[in-house]
Amino acid sequence: MFGIADYGAFVVAFIILLFIPGPGNLAIITSTTKGGLKGGLAATLGLMAGDQVLMWLAVAGVAAVLAAYPTAFRAVQWLGAGYLAWLGFKMLTAKPGAAPILHIKPHHYFQQALTITVLNPKAIVFYMAFFPLFIDPAQHQGVLTFGVMAVTVAVLAFIYCFAVVLLTHFLAERLRANPRISRTMQKLAGLFLIGFGIKLALSR
């Protein structure tokens, strides 16, 4: 289909990637909790933009560069791990009444979600290594093939993230009435981000 070796398998593989707990999911949940539907939707667009950046970088041949220069990939790993750990530390050490780690303005959510996605080594591995496996060299149709895959990724990501945003917003309305629970959730989110950062830094 459009030069894709197994379109059904590609769809299933990406859906599985979406459901795997990671920084992207946490960014959506945190953004929605802090900024409501606007914050969640802004983060969703940021994640989608990040996906597109990684996918088209893979198309441009970045996978070959990272394969030829492992140090470059390690640098990206450390950069992404450092960013996540720093964000988690800020959330963990934030005092009650302090300025929120994720700003209310939607463009902050977008920028942060975009950064988390682009610097997430797991997402990089998916697009740089796993993604090319679905390209059929014999029936490849150039930009059309990549375009179909890009649109598929965008649609699936939006449906999944929008569902997460709605669910999180529904629960957040009940949690806002108890500031203590909200602070506890922020601390837990900070711990998870630090854990992601450490895990990514130690991954090989």
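Which residues of the largest nonpolar core touch the most other members? Keep that in mind while you get your bearings. The model is predicted.

**Stop 1: the whole chain**

Colour the protein chain by secondary structure. You will find eight helices and zero strands. Read from the N terminus, the order is α-α-α-α-α-α-α-α. The protein chain has 204 residues, and buried ones make up 42% of them.

Now show the surface. The protein chain exposes about 10800 Å². Carbon and sulfur atoms supply 74% of that area.

**Stop 2: the largest core**

Back to the opening question. Select F14, L18, I28, Y127, F134 and M149. These touch the most other members of the largest nonpolar core, which has 32 residues. Next, colour the elements that give two or more residues to this core: α1 (7-19), α2, α5 (106-118), α6 (121-130) and α7. The largest share, eleven residues, comes from α7.

Zoom in on L18. Leaving out residues up to four places away in sequence, L18 touches N25, L156, A157 and Y160.

Another core lies apart from the largest one. This other core has ten residues, among them A27, Y83, L84 and A189. Select those four to find the place.

**Stop 3: helix α1**

Select residues 7-19, which form α1. How far apart are the end C-alpha atoms of α1? The distance is 19 Å. At 1.5 Å a residue, the 13 residues should span 18 Å, so the two values agree.

Now look along the axis of α1. F10, V11, A13, F14 and L18 are buried. They cover an arc of only 165 degrees around the axis, so they sit on the same side of α1. Turn to the other side of α1: I16 and F19 are exposed there.

**Stop 4: two residues in helix α2**

Select residues 23-59, helix α2. Pick D51, which is found in this helix. Is D51 buried or exposed? D51 counts as buried, because its relative accessibility is 10% and the cut-off for buried is under 20%. Show its contacts. Not counting residues up to four places away in sequence, D51 touches F14, T117, Y127, V153 and A157. You have met F14 and Y127 already, in the largest core.

Then move to N25, also found in helix α2. N25 counts as buried, at 16% relative accessibility. Draw a line from N25 to A43, C-alpha to C-alpha. The two are 18 residues apart in sequence and 9.9 Å apart in space.

**Stop 5: the aromatic pairs**

Show the aromatic rings. A pair of such rings is described by the distance of the centres and the angle of the planes. How many aromatic pairs are there? The count comes to two.

Start with W56 and F146. Their ring centres are 6.3 Å apart. Their planes stand at 65 degrees, so the pair is edge-to-face. This pair links distant parts of the chain: W56 is in helix α2, F146 is in helix α7 (residues 143-175), and 90 residues separate them. W56 is partly exposed, with a relative accessible area of 36%. F146 is buried, with a relative accessible area of 14%.

Go on to F158 and F162. Their ring centres are 5.7 Å apart. Their planes meet at 10 degrees, so this pair is stacked. F158 and F162 both lie in helix α7, four residues apart, about one turn of the helix. F158 is partly exposed, with a relative accessible area of 37%. F162 also counts as partly exposed, at 32%.

**Last stop: T145 in helix α7**

Stay in helix α7 and select T145. Its relative accessibility is 0%, so T145 counts as buried. How many residues apart in sequence are T145 and G3? The answer is 142. In space they are 5.5 Å apart, C-alpha to C-alpha.

How values were computed:
Residues numbered from 1 in each chain as written. Predicted model: local features only at pLDDT ≥ 70, side-chain atom pairs only at ≥ 80, totals over all residues. Heavy atoms only, no water. Phe/Tyr/Trp six-rings, centres within 6.5 Å; stacked < 30°, edge-to-face > 60°. Buried < 20%, exposed > 50% of the residue type's maximum accessible area, 1.4 Å probe, protein only. Core = buried A, V, L, I, M, F, W, Y, C linked by side-chain atoms within 4.5 Å. Contact = heavy atoms within 4.5 Å. Areas by Shrake-Rupley, 256 points an atom, 1.4 Å probe, with all protein chains shown as cover. Expected span 1.5 Å × (residues − 1). Arc of directions from axis to C-beta.
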